[in-house]
Each structure stands twice: as C-alpha cells, then as structure tokens.
Amino acid sequence: MNEEPTPLEAIVKAEIATSGPMTIHRYMELCLGHPEHGFYKHHDPFGPEGDFTTAPEISQMFGEMLGAWVATVWHGMGRPDFRLIELGPGRGTLMADMLRVLQPAGAVPEVWLVDTSPLLKAEQSRRVPGANWASSLAEVPTGPQIIVANEFFDALPVHQFFFGPEGAREHLMGLDADGELLPGFSAAAPNATVHALDWQEWSPLGDLVADQIAERLRDGNAAFLAIDYGYTAADRPVGPSLQALRANRQVQITDQPGRTDLTFLVDFDGLATRLAPLRSWVTGQGPFLVDLGIGHRAESLVRSEPKNAGAISDAFDVLTAPEEMGTLFKVLAAVSEGVAPPPGFGEGPRA
Ligand code: SAH
C-alpha cells in the first residue's frame with residue numbers, strides 16, 4: 001500500500017528535526033490529541049466500518065449491565081442525590097444505555113461527560129441530552145458520585161522504558177537517514193538497573209486521574225468502575241504493549257500518524273495499588289458480565305426479538321468469551337469506605 005503521508009506525519013518530523021527525537025509519550029500525544037490532526041479530533045473511529053469497535057458499540061447489553069451495576073451500587077451508597085460521571089464517553093452510547101436502565105430503577109443522576117474531542121462531544125449530545133461536559137475530571141463538582149470509564153485509560157499517552165544491562169533507556173521516535181520515522185532508544189540512564197531485562201510503560205495522565213479518583217473516593221460516598229484492555233500479575237505481557245490499529249487491523253506505530261489508533265494495556269494491579277487503601281476488586285469482563293446476569297438479559301432479548309437471535313448470541317460471545325473480550329478486558333471497581341461491596345465480582349447477581 002502506497003499511502004500519502006498524513007499531515008500529522010509532517011508535523012512530527014518537523015518537531016523531531018528541530019528538537020531531536022521525541023518520547024513515545026509526545027508521539028502519542030500528537031497522534032491522538034493534536035488539535036487539528038489528532039486521531040480523536042478529526043474523525044469518529046467507532047462503529048462497524050470504523051477503526052475499532054468498543055463493547056458499548058457491540059451491544060446494548062453491555063451498557064444495560066453497567067446500568068444495573070450503577071443502580072445496585074447507588075443502593076449501597078444509601079440512594080443519595082448523585083452524579084454519574086463518564087470518562088472518555090466516545091459516542092455516548094454507554095451513558096445512554098445506562099440511563100435507560102437507571103431511570104426505571106428510580107436513580108436519576110446529574111450526568112457529566114468528560115471528553116476532549118469536540119467531534120465526539122457532538123455525537124454525545126445527540127445521545128445524552130441534558131448532560132454536562134468537562135474536559136477533565138478536576139472540573140466536575142465533588143459530592144456523592146459514581147465514575148465509569150470504558151476504554152479510557154488505554155488511550156492516554158505513555159512513556160516506554162526498556163531496562164537492560166546498561167540501565168534504563170527510553171523508547172523514542174526519531175528519524176532515519178532519509179528523514180523517515182524510526183523508533184529507537186535514548187542513551188542509558190545509569191543506576192537504573194532496578195528491574196531485570198524488562199519493559200515498563202508509564203502514563204502520567206493515567207496516574208493523575210487515578211489519584212484524583214482516589215481523592216474523590218476518600219471524600220466519601222463514591223464508587224469507580226474501570227473497564228479496559230489490560231493485565232494483572234497473572235497475565236502480564238512480555239515486552240511493550242503499545243499497539244497501533246487502523247480499520248480493525250494491527251499496523252506499525254509509524255503507520256499513518258494521526259489516522260491510526262494507538263493503545264496500550266492497562267496495568268490493573270498498578271491501578272489497584274494507586275487506589276489503596278481503598279477497597280478494590282478486579283476480574284475479567286466475561287466473568288463480570290455473567291455475574292451481573294448478561295445471560296438472562298440475552299435470553300429475554302432473544303424472546304422479544306427472535307429474528308435477532310443470531311446477532312444477540314454473537315454479541316454475547318464477543319463480550320464474554322475468554323478468546324474474545326472476556327479475559328483480555330479487565331474490570332476494576334473501587335468504593336468509598338462504608339459503601340456496600342459492588343456486584344459483579346463473584347457473588348452472583350443480586351436481586
Ligand atoms: N468509552 C468509549 C470510547 C473509548 S475511546 C467507548 O467505550 O466506546 C477513548 C475516549 O476517550 C474518546 O472518547 C476520547 O475522545 C476520549 N479521550 C481521550 N483522551 C482523553 C483525555 N485526556 N481526557 C478525556 N477524554 C479523553
């Protein structure tokens with residue numbers, strides 16, 4: 001395929017030519033967030049013909065299960081007036097599906113959507129009329145609240161370090177002799193052989209948001225649910241996890257900058273540690289949804305829409321099967337002290 005260089009590629013190359021090789025963090029920041037040419041800024045990557053499909057776009061069952069989760073947790077908080085906050089809401093589908101379940105359950109939250117994409121904000125306002133917007137969690141008022149994030153943390157820029165015999169090196173984006181993009185490494189920082197031969201990935205913004213969430217949970221009567229492509233100690237990947245996806249295909253990270261999605265795997269043990277000593281729970285997306293009763297929901301949908309039985313059963317499989325999203329996607333919940341333990345982590349659906 002001989003594709004035209006993207007406008008962002010020229011911007012990246014010019015910055016490297018004048019300032020030297022850039023961190024992968026800076027590269028991701030430009031590729032995903034450049035105000036004009038960033039991946040999330042200029043087009044809608046979702047949907048069947050898009051670059052990737054997220055769980056809420058696969059089936060309404062996903063958002064309905066999360067809505068049931070929010071309703072149960074809200075009961076466990078003592079049914080206060082509350083805010084429902086979503087980080088990185090994409091097209092707004094998840095929030096719309098959750099609200100459809102919450103209203104009949106008597107939970108009518110003040111809705112806040114935290115996003116940085118003007119284009120997606122327009123999509124969100126069509127699906128979630130009456131929502132409030134913020135471009136960072138810090139702008140959202142405190143008080144009783146439930147914070148939900150699906151595929152938010154994996155889209156934030158990361159630094160990548162390689163720990164070898166000479167010390168720590170940072171993974172960088174530079175230029176080859178022909179001026180084309182070429183990944184490489186910084187010089188080794190001495191005295192940094194704290195890890196064995198190993199890769200480490202670090203998202204400063206991910207850590208900052210986790211710390212802000214921890215503070216809100218420590219304030220009291222709040223809960224947090226994060227679902228993401230990620231790992232725990234049991235299935236930690238060997239090597240770097242950053243990957244590039246375009247039109248549902250894996251490509252090089254240097255391929256079509258600004259038109260290619262870049263994501264990494266979220267370290268769920270790291271996230272839980274950051275929230276400690278608050279109580280948190282981690283499981284796979286499959287067990288979580290099954291525990292919340294997605295099987296029963298699929299059956300009742302099939303009864304009311306027998307023509308769609310095949311599609312409903314396919315969506316159930318994609319969301320829950322271990323070889324699909326069931327294991328690769330992890331779920332973390334954390335709650336304030338005094339809030340009842342959340343459903344979905346092994347005790348079966350609660351009535
Ligand atoms: N949760 C949605 C979308 C996931 S894609 C779904 O499951 O379909 C990542 C989302 O995070 C997009 O909406 C993107 O615009 C948003 N985003 C990326 N960086 C962000 C940041 N720094 N702050 C807030 N939102 C961000």
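Is leucine 156 buried or exposed at 8% relative accessibility? Leucine 156 counts as buried at that value. Buried means under 20% relative accessible area, exposed means over 50%, and partly exposed lies in between, with a 1.4 Å probe and protein chains only.

This is a predicted model, in which local features need pLDDT of at least 70, side-chain atom pairs count only at pLDDT 80 or more, and totals for chains, interfaces and linings use all residues. Residues are numbered from 1 along each chain as its sequence is written, and side-chain values use heavy atoms, with hydrogens and water left out.

## Leucine 156 and its loop

Leucine 156 sits in the loop between β5 and β6 (159-164). Helices (H or I, at least four residues) and strands (E, at least two) are DSSP runs, numbered from the N terminus. Setting aside residues up to four places away in sequence, leucine 156 touches Met28, Ser203, Leu205, Gly206 and Phe264. Contact means heavy atoms within 4.5 Å. The C-alpha atoms of leucine 156 and glutamate 29 are 7.8 Å apart, across 127 residues of chain.

Glutamate 151 occupies the loop between β5 and β6 as well. Glutamate 151 counts as buried, at 19% relative accessibility. Its phi is near 50°, a positive value in a residue other than glycine.

## The ligand site

The ligand is surrounded by 18 residues, and the closest are Thr54, Gly88, Gly90, Asp115 and Asn150. A residue is near a molecule if one of its heavy atoms lies within 4 Å of it. The shell divides into 9 nonpolar, 6 polar and 3 charged residues. Here Ala, Val, Leu, Ile, Met, Phe, Trp, Tyr, Cys and Pro count as nonpolar, Asp, Glu, Lys and Arg as charged, and the others, Gly among them, as polar.

| Protein atom | Ligand atom | Distance |
|---|---|---|
| Threonine 54, polar side-chain atom | oxygen | 2.5 Å |
| Aspartate 115, polar side-chain atom | oxygen | 2.6 Å |
| Glycine 88, polar backbone atom | nitrogen | 2.7 Å |

Taken alone, the ligand exposes 580 Å², and the protein buries 92% of that. Accessible areas come from the Shrake-Rupley method with a 1.4 Å probe; for residues, only the protein chains shown count as cover.

## Helix α11

Which residues of helix α11 (residues 294-304) are buried? They are Ile294, Ala298 and Leu301. Seen down the axis of α11, the buried residues fall within an arc of 65°, so they line one face of the helix. The arc is that of the directions from the helix axis to the C-beta atoms. The cover over these buried residues includes α5 (60-76), α10 (285-292) and α12 (309-320). On the face turned away from the buried side, α11 carries the exposed residues His296, Arg303 and Ser304.

Lysine 330 belongs to strand β16 (residues 329-335). It is buried, with a relative accessible area of 5%. A polar atom of the lysine 330 side chain lies 2.6 Å from the backbone oxygen of threonine 327. Not counting residues up to four places away in sequence, lysine 330 touches residues including Ala226, Asp228, Asp235, Phe268 and Gln285.

Threonine 93 is placed in helix α6 (residues 93-102). It counts as buried at 13% relative accessibility. Beyond residues up to four places away in sequence, threonine 93 touches Pro56, Glu57 and Arg127.

Glutamate 139 lies in the loop between β4 (132-134) and β5 (145-150). It counts as partly exposed, at 45% relative accessibility. Leaving aside neighbours within four places in sequence, glutamate 139 is in contact with Trp112 and Ala134. Its C-alpha atom is 8.9 Å from that of valine 114, 25 residues apart along the chain.

## Backbone geometry

Most residues other than glycine have a negative phi, and most peptide bonds are trans. Arginine 79 has a positive phi of about 50° although it is not a glycine. Arginine 79 is in the loop between α5 and β2 (83-87). A cis peptide bond joins alanine 276 and proline 277, with omega about 5°. Proline 277 is in the loop between α9 (268-275) and β15 (279-284).

Note on methods. A polar contact is a pair of N or O atoms within 3.5 Å; within protein, one must be able to donate a hydrogen and the other to accept it, and residues adjacent in sequence count only if both atoms are side-chain atoms.
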